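Dear colleague,

Please find below the structure that I am handing over to you. My findings follow it.

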Amino acid sequence: MMKSAAARRPLPTSPFKTPVPPPLKHFAVGDRVSHDVHGLGRTIGVEGAGDIAVLVDFGGRQVRVISPYTKLFKL
């Protein structure tokens, strides 16, 4: 017995909703940001179109934050 490669589609009337992916975050150089662990900072570098990684200056240290930016928020 073989399983099909197609993804299962839930019925529109199903009470179990499919999880909605969070919207993609985009950052630009100079954006003020907040990080759950490192605190407040400013972006000083962007890799790709902002969808690969962001280099953030948090005052005393610089941290490269990789996408998805779950702990990084634009202020």
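Of the 75 residues in the chain, 23% are buried, where buried means under 20% relative accessible area with a 1.4 Å probe, protein chains only. This is a predicted model, in which local features need pLDDT of at least 70, side-chain atom pairs count only at pLDDT 80 or more, and totals for chains, interfaces and linings use all residues. Residues are numbered from 1 along each chain as its sequence is written, and side-chain values use heavy atoms, with hydrogens and water left out.

The chain has 5 strands and 0 helices; strands are DSSP runs of E with at least two residues, helices runs of H or I with at least four, numbered from the N terminus.

As to overall form, the radius of gyration is 18 Å, whereas a compact globule of 75 residues would have one near 11 Å. That radius is taken over C-alpha atoms, and the globule rule is 2.2 Å times the number of residues to the power 0.38. Along the principal axes, the C-alpha atoms fill a box of roughly 60 × 25 × 20 Å.

The largest nonpolar core has 9 residues: Phe27, Val33, Val54, Val56, Phe58, Val63, Val65, Tyr69 and Leu72. Such a core is a set of buried Ala, Val, Leu, Ile, Met, Phe, Trp, Tyr and Cys residues joined through side-chain atoms within 4.5 Å. Strands S3 (53–57) and S4 (62–66) each supply at least two residues of this core. Beyond its neighbours within four places in sequence, Val63 is in contact (heavy atoms within 4.5 Å) with His38, Val54, Leu55, Val56 and Phe58.

With kind regards

Note on methods:
Buried < 20%, exposed > 50% of the residue type's maximum accessible area, 1.4 Å probe, protein only.
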